[in-house]
Amino acid sequence: MAKLLRFLKPYRVYLGLIFILACCQAMAEVYLPTLMSEIVNKGILKKDVHYILEIGEYMILVALFNAVVIALTSYISAKVTVGYGSSLRKAVFAKVRSFSLSELDRMGTASLVNRTTNDITQFQQIFTAMLRMIIVPMILIGSILMAVSKNAKLSLIFLAVLPILGLCTVVIGKNSMRFFKTMQDKLDRLNMIVRENLKGVRVIRAFHQMEGQTEKLHAAGKDLTVISIKANLTIALVMPLMMLIMNVATLAALWYGGLFTGSGSMQIGDLMAYVQYMMQIIICIVFVSMMFSAMPRAKASAERIQEVLAISPDIMDKRQRRNDEHGAGSIEFRNVSFSYPGAERPAIRNVSFRAEPGKTVAIIGGTGSGKSTLINLIPRFYDVQEGSILLDGTDIKEMPLQILRARLGVVPQENVLFRGTVADNISVGNRAASREEIRKAAEKAQAHEFILSMEGGYDAEITQGGTNLSGGQKQRLAIARALVRRPDIYILDDSFSALDFTTDLHLRTALKNETLAATVIVVAQRVSTVIDADIILVMDQGCIVGMGTHTELLNTCVTYKEIVSSQLPGEESA
Ligand code: ADP
Ligand code: MG
């Protein structure tokens, strides 16, 4: 938890102010009962109206002063806690953005969302409470001193009350600590299930899994409910228990105090002040005990936040060495091997090849053979473990990420579109692109026609995730997005899979003209897509098992021959 407090640095001045204000408030609150006892003893009992008015005025002034101090404290505390929460959130979010895909995989999206929202809010709330707590020890000490000075013998009551209070605090605190930690984990699980349900709503409906999912959700909800009720019951016990103790203590004070006043050894005003001090003391202790029961919650959340902040991204951006000279954009893999974190066998094994400007490298192979993995290594979504990838002769690990990625036009296998217009989505590739450039890119990507048929054309709205488009339409928009960037290197991951053969053919012809000078790396399922490539890489289980042109491979590579004969009837293509 202490580690998160470093974000408080900019608020030092405010914290100082809060401390000073708390001192003022504590003094006022400890002083007021004494003033009251003065009024009772010297004014009311002696029927001295003048004295009552004089001290009364004074009391009003002190109370007003106290009110102003409290208002100021609230204002400044709000400023500090909101600012602090937002710095925390910013820090966590910035950290998450720097994560590589393997770190994102490890933490899980649902948990990361929870950590940036719920956990920070949780921590922030308790931090707010802690700020208010600054005053508690001051009032506590002040009130004890005053109470003892009013009547030391009567203060023996505390000797009986304090151990009971302490015991209750410890027992309740311990139990709630356990419950709240479990509660946070159950909440994570509930969120995960809700997310999964919303994301997978089509599959769930198509396979009629609503009931099963609902049951799962109910079970998770019930889990959370049971534990929340337990936790809150424990917390709810605090108040009545403390009230009971407080009232019994007051009763005792009045009883024995009554005896003292009867015998004349204590004045009535002092007894009244004494009871007030006693209440203040017990309320302070209640606050402290509530603080203790809230601590574990804050600690659980703080740990979850700190876990995110403590990860040092394994893809470090090299800012120091700038590589501004623009080569033509050749990519070379040198003995590259890569395994996903926790995987038993490498997804890519000892891969070497070159992709030259103006040439097309096609990658073909069964599903799960590592094609997407291979391609994801180029933009450094993941870093290679062995060997190196060179762009124009420079290891990509030595280049600033921004410069590396600016030279790539990537069309991923799973196309993501964002909420916004069609034009917005295409210009993600190049924010500076004009309307004309966007239209040209869309034309080349064979998207122009269907865009025009949409209501609003280029200004048609796309829903979140592009659910109002077909798979092939999404693919074409994603291709347009890469084209409008005019990169040196095109990386297309299975980007034609959802297109019909005619559109596929048109698109490939258009792309060819567009990418004449560029390096093109294309993953494909269909032999017809790779047939014209300058080099074809055949992948199997993470290895390259064949490399060459279509005709060469037909004679040398068994795997390739199998793929071809499964797709093209006869061997007429040879
Ligand atoms: P392809 O694109 O050729 O179909 P992939 O490159 O997507 O194949 O996957 C290659 C292998 O790596 C598969 O065995 C798959 O299970 C594994 N894999 C893919 N993505 C991940 C990931 N994010 N974490 C762990 N393993 C993965
Ligand atoms: Mg793939």
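Biologist: I'm looking at Thr 519. Leaving aside its neighbours within four places in sequence, which residues is Thr 519 in contact with?

Modeller: Contact here means heavy atoms within 4.5 Å. With the close sequence neighbours set aside, Thr 519 touches Gly 329, Ser 330, Ala 355, Glu 356, Pro 357, Gly 358, Lys 359, Asp 488, Ile 489 and Tyr 490. Before we go on, keep in mind that this is a predicted model, where local features need pLDDT of at least 70, side-chain atom pairs count only at pLDDT 80 or more, and totals for chains, interfaces and linings use all residues. Residues are numbered from 1 along each chain as its sequence is written, chains are lettered from A and ligands numbered from 1 in the order in which they are written, and side-chain values use heavy atoms, with hydrogens and water left out.

Biologist: Got it. Is Thr 519 buried or exposed?

Modeller: The cut-offs first: buried is under 20% relative accessible area, exposed is over 50%, and partly exposed is in between, using a 1.4 Å probe and protein chains only. Thr 519 is buried, because its relative accessibility is 0%. You'll find Thr 519 in strand β10, residues 519-523. Strands are DSSP runs of E with at least two residues, helices are runs of H or I with at least four, and numbering starts at the N terminus.

Biologist: Which backbone oxygen lies 2.5 Å from a polar atom of the Thr 519 side chain?

Modeller: That oxygen belongs to Gly 329. A polar contact is a pair of N or O atoms within 3.5 Å; within protein, one must be able to donate a hydrogen and the other to accept it, and residues adjacent in sequence count only if both atoms are side-chain atoms.

Biologist: On to salt bridges. How many are there?

Modeller: The idea is that side chains of opposite charge can pair when their charged atoms come close. The rule asks for a side-chain nitrogen of Lys or Arg within 4 Å of a carboxyl oxygen of Asp or Glu, and the count by that rule is 20. Start with Glu 38 and Lys 42, whose side chains meet at 3.1 Å, N to O.

Biologist: Where do Glu 38 and Lys 42 lie?

Modeller: Both are in helix α1 (residues 12-44), 4 residues apart, or about one turn of the helix. In general, an α-helix has 3.6 residues a turn, so residues three or four places apart point the same way. Glu 38 has a relative accessible area of 24%, so it counts as partly exposed, and so does Lys 42 at 39%.

Biologist: Which residue forms a salt bridge with Asp 488?

Modeller: Arg 407 does, with the closest N and O atoms 2.8 Å apart. Asp 488 sits in the loop between α15 and β9 (489-493), while Arg 407 is in the loop between α11 (401-406) and β6 (408-411), so this pair ties together parts 81 residues apart in sequence. Arg 407 is buried, at 5% relative accessible area. Another pair is Lys 444 and Glu 514, with 3.0 Å between their closest N and O atoms. Here helix α13 (residues 435-444) holds Lys 444 and helix α16 (residues 501-514) holds Glu 514, so to speak two distant parts of the chain, 70 residues apart, are linked. There is also a network of salt bridges joining Glu 332, Arg 334, Arg 354 and Glu 356.

Biologist: What about nonpolar surface: which residues make the patch of about 510 Å²?

Modeller: Tyr 31, Tyr 58, Ile 60, Leu 61 and Leu 64 make that patch. Patch residues have over 30% relative accessible area and no salt bridge; nonpolar side chains (Val, Leu, Ile, Met, Phe, Trp, Tyr) are joined within 5 Å and like charges within 9 Å. Areas come from the Shrake-Rupley method with a 1.4 Å probe, and for residues only the protein chains shown count as cover. Helix α2 (residues 49-98) gives the largest share, 4 residues. Leu 64 lies in α2 and is exposed, at 52% relative accessibility.

Biologist: How many residues does α2 have?

Modeller: It has 50, and α2 reaches 73 Å from first C-alpha to last, close to the 74 Å expected at 1.5 Å a residue. That expected span is 1.5 Å times one less than the number of residues. Asp 48 caps the N-terminal end of α2, with a side-chain oxygen 3.3 Å from the backbone nitrogen of His 50.

Biologist: Last one: what is phi for His 208?

Modeller: Most residues other than glycine have a negative phi, and most peptide bonds are trans. His 208 is not a glycine, yet its phi is positive, about 55°. His 208 is in the loop between α7 (201-206) and α8 (210-262). Gln 541 also has a positive phi, near 50°, and lies in the loop between β11 (535-540) and β12 (543-548).
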